[in-house]
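Subject: Structure handover

Hello,

Here is the structure for your files. My notes on it come after the model.

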Amino acid sequence: MPAKPKLTAEEQDQVRRLKWFREARFGMFIHWGLYSLLGRHEWVMNRERIPVEEYEKLADAFKPGPWPARTWAKLAKAAGQRYMVMTTKHHEGFCLFGSELTDYNAVKRGPKRDLVAEYVEAAREQGLRVGFYYSLMDWHHPDGAKCKTNEKSRRRFVDYIHGQIRELLTNYGKIDIMWYDVSWPLNVEEWESEKMNRMVLELQPDIIMNNRNQLLGDFGTPEGHITPEARAWESCMTFNDAWGYTPIDTNYKSAWNVVGMLRQVAAGHGNLLLNIGPDPLGGVIQPMPKILKQVGAWLERWGPSVYDAADPVHQEWLITGAFTRKGDTLYYHCNRWPGKELAIGGLVCKITDARIMGGKKVKVTQVRDRLVLSGLPEQAPDPLSTVIEMKFTGEPKQLLGAGHVLIGRDPWRKTEK
Ligand code: GLC
C-alpha cells in the first residue's frame, strides 16, 4: 500500500494556523464606514452614482460616539461568538485606521480617532479573535479603476494597497484574520497577490487569510448561503439584506433562523460570520442585540451540539429538524416540535440511548427504519430548537427513498432481495 502522502511544511503550518478557526464556529462581522451616515447600503456611493467630491464630505460629518467597539465586543461575547471581523476600509476607500498613505482616514478626518485601534482593544478585552476586512477595490483612490489600463497607475495603486495592508498588520499587534474583499479590476498577477500573502505571513506568522485576493488562501468564503467546502470555510451572512447600516430594510433574520444556520455550519464543519451594520454613532439597533442575546442564551444551554459537533452525518431532510454529530453522539436539533412523540425515518444506525440534551432518558422504539422517541413534553422545551442527544452504534446514516418502502423490499437494505 502506498504510504499516505505527507503534508508539506506549508500545509502543516496551515493546519496549525487554522486550528482555532476550525473550532470557532461563530463570529461577528462588522460593516461600518461613511455609508453608515446615509443608511442606504454600503454600496450607496456606487449604486446612486454619488460623485467622489460629494461623498468625501461625509468624512468630516462622521462623529462616532465613545468607543462603540466595546459594545459590539460585549454583544459578540454574549452571543457566543468567538471572533470578530471589522471593515478597516470598504469599497468607498475611507480608512477607519490612521494611515500614512492617505489623509482620507478616521484619524485625520471627522472622528479624529483610530477606530481600528479601538476595535482591536475591545475585542481583546473580551478574549475574542480579531479579523481585518480590507477591500482591495477602492472607489476613492484616483488609480482605483485606471490601474487596469495604465501601468504607472497600477504600480501606484498596488503599492498603496500593499502598503496599507502592511500598516494594518504592523500597527495593531497580533491579528488573527486577514479578510480581503473584492479584487476588481485587476487579476492575480496584477495585484501581486502571491507577494501580498507572503508579506502578510511574514508580518503575522499565525494569521489566516481568506480567498478573495484571487488566491485560495486558507479558507473559503461562501456569501449569503451555507455550502460546505472540502476545506476550512466560513459563510458570511447579512442580518437584514445589507451589510452596512440600512434601517429602511427590516428583513431581519430571527433567532430561530440564526440557530438553524449554526446547526447547518456545524454539520458541515464550517463557521458562521454574522454581520451587524452599526449606525453612524456606532450603535447597534434593535432587533439585532435582542436576537444575538437570544442566540447566546440558546448556545449557553445547547452549545456543545454546535461548537464541538463537526463530524459528518449523512442525512435527509425532515420537517422537524436535522442532525449534527460528534463521535458516537448524534444531536437532533428539533426546531419544529411535534409534541409527545417524535419520529425519525430512515436511520441506518441503532440508537442505544436518547435524551433531551443534559436531561432524562426518553423512550426509544426502533422498528426497522422507523425510530420513535416517546414520552416527550407536549410543548417544545426550547422553541428555538431543542436538542435531542442520541448514542448510536453502526453507521450514522439516514436513507429515505422518495417512494413508499414496501415491507420486505426495503431498497435501503442491501441484504434483502
Ligand atoms: C460583497 C460586497 C460587500 C460586502 C461583502 C461581504 O463582496 O461587495 O459590500 O462587504 O460582500 O462579504
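This is a predicted model: local features need pLDDT of at least 70, side-chain atom pairs count only at pLDDT 80 or more; totals for chains, interfaces and linings use all residues.

Residues are numbered from 1 along each chain as its sequence is written, and side-chain values use heavy atoms, with hydrogens and water left out.

Parallel sheet

Seven strands form an open sheet in the order β5-β4-β3-β2-β1-β7-β6, with parallel pairing. Its edge strands are β5 (208-209) and β6 (234-237), each of which pairs on one side only. Strands here are DSSP runs of E with at least two residues, helices are runs of H or I with at least four, and both are numbered from the N terminus. Two strands count as paired if DSSP finds at least two bridges between them. Within this sheet, β3 (129-135) and β4 (177-181) are joined by five bridges in the parallel sense; Tyr133 has Trp179 in β4 as its bridge partner.

Helix α7 (115-125) lies across β1 (26-30), β2 (83-89) and β3, at about 155° to β3. Helix α10 (193-203) lies across β4 and β5, and its angle to β4 is about 155°. Axes are lines fitted to C-alpha atoms, for helices over the stretch in contact, and angles run from 0 to 180 degrees between N-to-C directions. Contact means heavy atoms within 4.5 Å.

Antiparallel sheet

A four-strand open sheet has the order β8-β9-β14-β11, and its pairing is antiparallel. β8 and β11 (350-356) are at the edges with a single partner strand each, so one side of each has no neighbour in the sheet. On average, neighbouring strands of this sheet are turned by 25° against each other, direction ignored. Helix α11 packs on the sheet, touching β8 and β9, and its direction makes about 45° with that of β8.

Strand β8 (321-326) has five of its six residues buried, that is, under 20% relative accessible area, where exposed is over 50% and partly exposed in between (1.4 Å probe, protein chains only). Six bridges join β8 to the antiparallel β9 (329-334). The two form a hairpin with two residues between them, and Gly327 in the turn has a positive phi of about 55°. Arg325 has Leu330 in β9 as its bridge partner, and Thr324 stands opposite Tyr331 in β9.

Helix pair

The axes of α6 (68-79) and α12 (288-302) come within 7 Å and cross at roughly 35°. Leu75, Ala78 and Ala79 in α6 meet residues of α12 including Pro289, Leu292 and Leu299.

Pockets

A pocket is an open set of points on a 1 Å grid over the protein atoms alone, where a 1.4 Å probe fits, with protein on both sides within 12 Å along at least five of seven lines; lining residues have an atom within 4 Å of a point. Volume is the space filled by probe spheres set on the points, which are joined across faces, edges and corners.

The largest pocket holds about 550 Å³. It is lined by 20 residues, and those closest to its centre are Glu10, Gln14, Arg17, Gly217 and Asp218. Helix α1 gives the most to this lining, with eight residues.

The second largest pocket has a volume of about 290 Å³. Of its 18 lining residues, Gly260, Arg263, Gly321, Ala322 and Asn335 are the closest to its centre. Helix α11 gives the most to this lining, with six residues.

Regards
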